[in-house]
Protein chains: 2
Amino acid sequence: MYKNLLVVSLFLLFISCNEVSSNLINVKNSEELNTAIKDAKPGDEIVLANGVWKDVEIVFTGKGTEESPITLRAETEGEVFIEGVSNLTFGGEYLVVSGLHFRNGYSPTKNVIAFRIDKENVANHCRVTNCVIIDFNKLQRDNDDLWVQFYGRHNQLDHCYLAGKTNGGPTVRVDLKGNESIKNYHQIVNNHFGPRPRKGGARGETIQLGSSFTSMCPSNTTIANNFFEECNGEVEIISSKTNFNEIKNNVFYKSEGSVVTRHGNYTMIDGNYFIGDGVNANYGGIRIVNTGHWIVNNYFYNIIGENFRSPLAIMNGIPKSPLNRYNQVTDVVVAYNTYVNCKSPWQFGVGTNIAQKDVLPLSEIRSARPVRTVVANNVIYNKVGDPNPIIEHDKADGVKFKSNIINNQGVAFNDENRISANSFELATVNDFMYTPKNISNEIEPYNGFEFEIISNDLVGNSRATNNSIGATIKGNIVDPKVLDSKKYGATWYSSEPVAYEAKTIEVTSTDDVSAKIAEANNGDIVSLSKGKYVIASSLIINKSITIQSASDNKAEIVFEGAENTPAFELNPYGILTLNNIKLSGTGSQQAFASLKENMFNHFGLTVSGCDISNFDFVLKVYKQSFAEEISFVNTSISNCENGIELSEETNDRGDYNTEFLTIDKCQFTNVKKNVIDYYRGGYDESTIGGNLVVTNSTFTNSGAKEDNGILLNTRGIVNVNIEGNTFTNNRVKLVALLWGAKNNHHSNNKVQNSGKILVEENLKMKLMY
Amino acid sequence: MYKNLLVVSLFLLFISCNEVSSNLINVKNSEELNTAIKDAKPGDEIVLANGVWKDVEIVFTGKGTEESPITLRAETEGEVFIEGVSNLTFGGEYLVVSGLHFRNGYSPTKNVIAFRIDKENVANHCRVTNCVIIDFNKLQRDNDDLWVQFYGRHNQLDHCYLAGKTNGGPTVRVDLKGNESIKNYHQIVNNHFGPRPRKGGARGETIQLGSSFTSMCPSNTTIANNFFEECNGEVEIISSKTNFNEIKNNVFYKSEGSVVTRHGNYTMIDGNYFIGDGVNANYGGIRIVNTGHWIVNNYFYNIIGENFRSPLAIMNGIPKSPLNRYNQVTDVVVAYNTYVNCKSPWQFGVGTNIAQKDVLPLSEIRSARPVRTVVANNVIYNKVGDPNPIIEHDKADGVKFKSNIINNQGVAFNDENRISANSFELATVNDFMYTPKNISNEIEPYNGFEFEIISNDLVGNSRATNNSIGATIKGNIVDPKVLDSKKYGATWYSSEPVAYEAKTIEVTSTDDVSAKIAEANNGDIVSLSKGKYVIASSLIINKSITIQSASDNKAEIVFEGAENTPAFELNPYGILTLNNIKLSGTGSQQAFASLKENMFNHFGLTVSGCDISNFDFVLKVYKQSFAEEISFVNTSISNCENGIELSEETNDRGDYNTEFLTIDKCQFTNVKKNVIDYYRGGYDESTIGGNLVVTNSTFTNSGAKEDNGILLNTRGIVNVNIEGNTFTNNRVKLVALLWGAKNNHHSNNKVQNSGKILVEENLKMKLMY
C-alpha cells in the first residue's frame with residue numbers, strides 16, 4: 001500500500017507542478033469542450049465548469065505525451081456532474097480524465113466510458129482517474145452495457161468509485177478483439193468497487209477480462225489494490241478470460257461471488273484478501289479453470305461458501321472442451337495461502353456433472369480432473385474443527401500436496417497425508433486478520449518449480465529471510481488496514497451513507513395517502529390510523545418506505561383503481577414494507593406490481609401481518625423487473641385470480657425476477673392460479689439462484705385454474721425449501737415439481753386432496769451456450 | 001546465413017579452444033560410459049570410441065555450466081554408430097552430445113533422444129549437434145515413437161541429419177506438459193530433415209510443437225535455417241500447436257505437406273522458402289488455423305497444391321471449436337510474401353464443410369470464416385495467367401486486402417479490388433528464385449498495425465530503406481544459395497546417394513533364382529532367360545530390384561510353395577519391379593505378399609506386362625505394411641480367388657496400406673472376390689490419400705463371391721479415378737460405390753451385366769477425434 005500511496009502522491013505532485021506551466025482552457029458547454037479538445041496540445045488542461053453537464057457525449061481525442069498528457073478535468077473535483085444520456089470515449093494517446101461524477105443518467109451507447117472512438121481509433125496510454133460512476137443504468141435491465149470498456153494498450157482506471165450497476169453487462173470489461181488490444185498492460189488499480197446489487201442471472205460481473213472468443217490472447221492486465229465491497233452481481237466478481245493477467249493485493253469484502261479464471265491461462269492471483277462473515281455462504285473465494293494459474297499469498301477469513309463459492313474451488317473440465325466451456329485444470333500452483341475459519345476451504349472436481357450424462361450432451365460433461373497441480377505451503381486454522389477441510393467432488397488424484405498444515409483443534413479429518421495436523425497459534429493483526437505463529441521450524445516450505453518467483457508475502461515482506469508457509473512470513477505483521485475505504489476510490493467521494501433519522505408520518509383516512517407517501521423521505525414510516533382508505537389510483541413507491549397501521553387494528557385500504565393497475569406501483573428504488581394492513585381490491589386489479597418497463601433499478605417488497613383479497617394478481621412483476629428480496633409473512637391471501645407471479649424471464653438465459661422469495665406463516669385461500677409462480681430458465685451451472693422458501697403456510701382450495709396442474713411453480717429455481725406447510729383441497733396434479741440435482745428440498749408438509757410433491761433428479765433445461 | 005556460419009564457426013572455435021583445457025575421458029563400452037557420466041564435471045569431454053555401440057541406452061545426466069558444458073562426443077565424428085535397441089536421454093544442464101550416428105536399430109522407449117530422464121528430471125540448456133539418425137524405425141508401423149522429444153527449456157537440436165522415419169509419430173516433438181517445459185525457447189536450427197516417406201495416414205509430421213492439450217501454453221520454440229527435403233510423411237510438415245513459436249528462414253524443398261498452425265496462436269512464419277516443381281500438387285505452403293499468426297517475407301515457387309495444400313490456405317473454423325478441432329482464424333497478418341508461378345496461391349475458407357452438415361455433428365462443421373485478418377504488400381507473378389489467384393471456399397469477407405499486386409500476363413481475374421494487376425518484371429537470382437523488379441514507386445507498402453516489426457526482408461536486408469512490397473526489398477539480391485545441402489545438417493555426413501551403376505544378372509532356368517536375387521545389389525536387374533522356373537519357396541525381396549524376362553518371350557515362374565505363402569515375399573525396403581513374366585501358382589498361394597509383421601520399412605511393387613494366374617491372392621498386404629506405390633500395368637490376372645488386397649488398416653484412424661495404387665490396361669478374369677480392395681477408415685480431413693487409378697482395363701466374370709456385392713472396393717479412399725474400363729458379366733450389385741464429396745470420379749466406362757457405379761455424396765465415416 002505504501003508504494004501505492006507513493007505513486008498517488010507523486011502523481012498529485014506531478015499534476016500540481018504541471019498546473020503551473022500547463023495551459024488551462026476553461027469550458028462551459030459542449031461546443032467549447034469540443035473546440036478545446038480539437039485544439040488541445042500536449043500539456044493542455046481542459047477544465048469543465050462546475051455544475052451539471054446533461055446529455056453530453058464527450059469524444060476525447062488527441063495526442064499527449066508521456067511527460068505532457070492532455071487532461072480533461074473538473075473545475076472542482078466531484079462538482080462536475082455528467083447526467084442524462086451521456087458518455088465518454090477516448091481516442092489517442094496520453095489523455096487523462098479526472099474528477100467527474102456520472103449519475104442520474106445512462107449511456108446512449110454500449111458503454112459509459114470506452115477507450116476507443118471506433119474500430120480504427122483506439123486509445124493508448126489513456127487514463128480515467130478520481131471519477132465516480134453511480135447508478136448510471138440503462139432503463140431496461142436486458143439492455144446490456146459496460147461502464148468502462150478497455151481497448152488499446154496501456155490504459156488505466158484508477159482511484160475511481162463505481163457502484164450500483166443493475167442492468168446486464170460487467171461493470172468493467174477489457175476487450176481484446178484485434179491485435180491493437182492484446183498485450184495491453186492495462187491497469188485497474190486503487191479503485192473502490194462499491195455495491196453491485198444482485199443481478200438475478202448472468203452478465204453481472206464486476207470486472208471481465210476478455211471473452212471466450214479472445215481467450216487465447218495475451219492480455220497482461222493488472223487488477224491491483226482495489227476494494228471490492230458487496231459486489232454481489234453474480235457468481236463471478238472478476239472473470240478472467242485471457243492470459244497472463246495479474247490480480248494482486250485486492251480486497252474482496254462481503255462480496256457474493258468469486259475471482260474466477262473462467263477462460264485463459266497463467267493468471268497470477270497474489271496477495272488478495274477474501275473477507276466474509278461466517279454466515280453468508282454466498283461470499284466466495286477463488287475458482288480455477290484452465291492452465292498455469294498461480295494462487296499465492298492470499299488470505300481467506302470467514303469464507304464459508306461451498307462448491308462454486310468455496311475459498312479454493314478447483315473445477316473439473318470437459319475433455320476437449322468447446323472454446324466457451326470448461327477446459328481441464330492443469331499446471332496450477334496453490335501456495336502460501338492462509339485460511340482462517342473457512343468451511344471446507346479446498347474443493348476439487350467442482351462442477352463435476354457425470355451423474356447428469358443422461359440429460360446433457362457429452363460436450364457438457366465435466367469429467368476431466370485437475371492434473372499437474374501443486375498445493376503447497378498453505379496454512380488452515382479453524383476455531384472450530386472441520387471434519388472435511390478438503391472436499392473431493394471428484395478425485396484430486398492429479399494434485400500434489402506438500403507442506404500444508406492445519407490447526408483443526410484436534411478434530412479428525414481424512415486427509416492427513418495432504419495436510420498435517422498442527423497446533424500452531426494465531427497472532428492478531430486486527431479484527432479480521434490473523435497470522436500463524438509458532439509454526440515449528442521443522443516445517444520447511446516445499447520448493448516447487450519456480451517457487452522462487454513467490455518472492456514476497458501477503459503484505460510485501462521479502463520471503464528471502466524468515467520465510468514460512470502461509471500467506472505471511474514469520475514475525476510481527478504490521479496492520480495493512482486494508483478495509484479502510486479511504487485508501488481506495490476517488491479522493492473526494494465518500495460512500496458512507498449520510499446519517500438520517502427516519503421519521504414517522506401520521507396519516508388519517510381523510511388525508512391524501514398518495515401525497516403523504518410522496519412527501520416521505522427514503523426510510524420514513526407512513527403510519528395509517530385505524531379506518532378505511534379508499535384509493536382511486538395507484539400509490540407510487542419509488543424509495544424505501546414502510547407503510548403500516550398505527551395500532552394493532554389493521555387500517556383498511558380499499559383499492560378502487562382501474563383494472564390491471566396496482567394498488568402499490570413499485571418503481572425503481574421502490575422498497576416497500578407493508579405491515580399490518582387490510583388490503584382489498586375489486587377483483588380486476590393487482591395488489592402490487594412493478595412498472596411494465598424502465599425498471600432501471602431494483603425494487604423490493606416485504607408484506608407482514610396483512611390481509612389481501614379480491615385482486616386479479618397479488619403481485620405482478622413484469623419482464624426486466626428485479627427485486628433482491630420479496631417476503632410475505634403472517635399474511636392471508638384470499639379470493640384472488642392469481643397469486644405471486646415472478647415468471648417473466650422466459651428467455652432461458654438464466655435470468656429471473658427475484659433473488660429471494662420467502663413465504664412464511666401465510667394462508668392462501670381460493671387463489672385460482674399462479675399461486676406461486678417463480679421461474680428461471682436455461683441450463684447454466686453458474687447462475688446459482690433464485691431462492692424460494694415456503695414454510696409454515698396453508699394452501700386451501702387453490703390452483704383450480706392452473707393450466708399445468710402444479711400449485712407451486714418453481715421450475716429452474718436452484719434453491720427451494722418447502723417445509724411445514726399444509727395443503728388442503730387444492731385441485732392440482734402436483735403441489736410442486738422439484739429439481740433433485742439442485743438444492744431443492746421438501747419436508748414435513750401435510751398434503752390432503754392436493755396431488756403430491758414430486759422430485760425429478762435431472763430436469764431438462766434448454767442449453768444456454 | 002552468414003550469421004549462422006558465424007555462430008557455427010564460433011562454436012567450432014569454442015570446441016577446439018576448449019579441447020586444450022578440457023578433461024578428456026575415453027570410453028569404450030557402456031560401463032565406462034556410465035562411470036564417466038557419473039563422474040563428469042563441467043568442462044569434461046567424454047569421448048566414445050569409434051565403432052558400433054549396440055543396444056546402448058545412454059542416460060546422460062550432469063550439471064555443466066554455460067561456459068563449461070559437459071560434452072559426450074564421438075572419437076571421430078560420424079564413426080560412432082549407435083545401433084540395435086538403443087536410445088539417449090538427457091537429464092541436467094549444459095550437456096552436449098555430438099557426432100553420433102544412429103542407424104540399424106530402434107529405440108526401446110517412446111523416443112530415440114529425449115530431453116528428460118523422467119517426469120521429475122528434465123533437461124535444460126542441453127544440446128544435440130552434428131548427429132545423424134537414419135531409418136531408426138520401430139519394427140511395427142503402428143508402434144509410434146519420436147526420434148527427438150524435447151522437454152525442459154533452452155534445449156537445442158542443430159546441425160543434424162534426420163531421415164527415413166516410417167513408423168507413426170512425428171520425427172521431432174516439443175512436449176509442454178508441465179510448467180518445466182513451457183516458455184522453453186528451444187532451438188531447432190541448421191538441421192537437414194531428409195526424406196520422410198509417405199506415412200499412409202496421420203502421425204507423420206516432421207516437427208510437432210506441442211499438442212492440442214497444451215495448445216494454451218507459451219512455447220517460444222524457434223525452428224530456423226533448416227532444410228526440409230522430401231518430407232512427405234503426411235499433410236503437415238511442421239505442425240505448430242502452441243503459442244509464440246518462430247518458423248524462420250527454413251527451406252521446404254519438394255516436400256509433400258505444409259507448415260500448419262494447427263493449434264496455438266501467434267506463430268511468426270518469416271522468410272521461408274517453399275520450392276515445388278509445378279507438377280506435383282502435393283507440395284504445400286502455409287496453412288493457417290487460429291489467432292494472431294504473422295506470415296511474412298516468405299517465398300513460394302512453383303507450388304501448385306490446392307485447398308489444404310495451397311501456398312496460403314486460410315481455414316474456416318468451427319464456431320466455439322472443441323479444444324482438439326479448428327478454431328476460427330482471427331487477427332492474422334499475411335504480408336510481404338512473393339508467389340512465383342503458383343496456382344491459386346490464396347485460398348480462404350479452406351476446410352469449409354457446411355454441405356456435410358447432415359452427416360457430421362455440429363461440432364465438426366467449419367463455418368466460421370476468418371476475421372480481423374490483413375493480407376497486404378504481397379506480390380504474385382504468373383508466367384501463365386491464372387484466372388483464379390484467389391479461391392474462396394467460403395467468403396473472405398473478414399479479410400482486409402491492401403497493396404497486393406499481380407503480374408497475370410493480362411489474364412483477367414475476379415479480384416482486382418484485392419490484388420491490382422501490374423506489369424512488373426522479375427529479376428533472376430538463381431534457377432528457382434526470382435524477385436520482382438520495376439514495381440512502380442506509386443505502390444506504397446500498406447502500413448498496418450505493428451508492421452514495423454517486419455524490419456527485414458527474406459534475405460535479411462533491412463526494410464528501413466528501399467522498402468518494397470513482396471518478400472524482398474528493391475535492388476539486387478545476393479543469391480542466398482539456400483538449396484546447397486552442405487549448409488545444413490551434420491558436417492561429416494552427405495545425403496547424396498553414392499553413384500552406382502546397376503548391373504544385370506543373367507539367370508537361366510537351371511540357376512537358383514533365389515540365390516541370384518540374394519546376390520543382387522540395390523538397383524540391379526535380374527534377367528530370366530526364356531524357360532520355366534519352378535520355385536519351391538518364396539523369393540525374398542528386400543531391396544530395390546527388377547526381375548524381368550531376358551527377351552520378349554515371357555519367362556515362366558511356377559510357384560509350388562506351401563499354401564498361404566507368396567511367390568514374392570516383400571520385405572522392408574523391398575521394391576520389386578516385375579516385367580514381362582508369366583507367373584502362376586497352384587491355387588492356394590499368394591503371388592505377392594508383405595511380411596505378416598515387422599515391416600519396419602516400406603515396400604513397393606510394379607508389375608508390368610505379366611500374366612498372373614491360379615493364386616489365392618494376387619497381392620496380400622498385412623496390417624502395418626505400407627507401400628508408397630503399387631502398379632499393375634498391361635497385366636492379365638485370371639483364375640484367382642482374391643485380387644489385390646490392401647484393406648488391413650481397419651482401425652479407422654485414417655491409415656491405409658498404400659499411397660498410390662494404379663491399375664492400367666489390365667485384364668481381370670475370374671477373380672472371385674476382393675478384385676480390388678483398398679480401404680481407408682475414419683473421418684479425417686487431414687489425411688488426404690490414398691490414390692486409386694483404374695483405367696483402360698477389363699473386368700470379366702469376377703466378383704462372384706464378393707460378400708458385399710461391390711466389385712471395386714474403395715471405401716474411404718480420397719482420390720479415386722475409374723475411367724475407360726469395361727466391366728462385363730460380373731455378378732455384383734455395384735461396380736463401385738464412390739465418395740462424391742471427395743475427389744472420386746468415374747467416366748467412360750462400359751458396364752454390361754455388372755451392376756452399376758454409384759456415387760454417394762457424403763459417406764458416413766467413423767469420427768476419429
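The model is predicted: local features need pLDDT of at least 70 and side-chain atom pairs count only at pLDDT 80 or more, whereas totals for chains, interfaces and linings use all residues. Residues are numbered from 1 along each chain as its sequence is written, and chains are lettered from A and ligands numbered from 1 in the order in which they are written.

A:Phe432 is partly exposed, with 17 other C-beta atoms within 10 Å (buried, 20 or more other C-beta atoms within 10 Å; exposed, 12 or fewer; partly exposed, in between; C-beta atoms placed from the backbone). Apart from neighbours within four places in sequence, A:Phe432 is in contact with A:Ile275 and A:Tyr301, contact being defined by C-beta atoms, placed from the backbone, that lie within 7 Å. Between the C-alpha atoms of A:Phe432 and A:Asn327, which are 105 residues apart along the chain, the separation is 35 Å.

Chain A is divided into domain 1 (273–479) and domain 2 (504–760), with bounds from an automatic or database domain assignment. The centres of domain 1 and domain 2 of chain A, taken over C-alpha atoms, are separated by 42 Å.

In chain B, an open sheet of 10 strands has the order 45-46-49-52-55-58-60-62-65-68, with parallel pairing; two strands pair if DSSP finds at least two bridges between them. Strand 45 (504–507) and strand 68 (743–747) of chain B are the edge strands, each pairing on one side only. Within this sheet, neighbouring strands are turned by 10° against each other on average, direction ignored (axes are lines fitted to C-alpha atoms, and angles run from 0 to 180 degrees between N-to-C directions). Strand 55 (residues 603–608) and strand 58 (residues 627–633) of chain B pair in the parallel sense over five bridges. B:Leu605 stands opposite B:Ile630 in strand 58 of chain B.

Chain B is superposed on chain A by a rotation of 180° with 0.0 Å of shift along its axis (RMSD 0.1 Å), which is the relation of a two-fold axis. The superposition is by least squares on the C-alpha atoms of residues with pLDDT of at least 70 in both copies. Of the residues of chain B, B:Pro322 comes closest to the rotation axis, at 1.9 Å (C-alpha). The contact takes 21 residues from chain B and 21 residues from chain A. 100% of the interface residues of chain B are also interface residues in chain A, so the copies meet through the same surface.

Conventions. Contact = placed C-beta atoms within 7 Å. Helix = DSSP H or I, 4+ residues; strand = E, 2+ residues; numbered from the N terminus.
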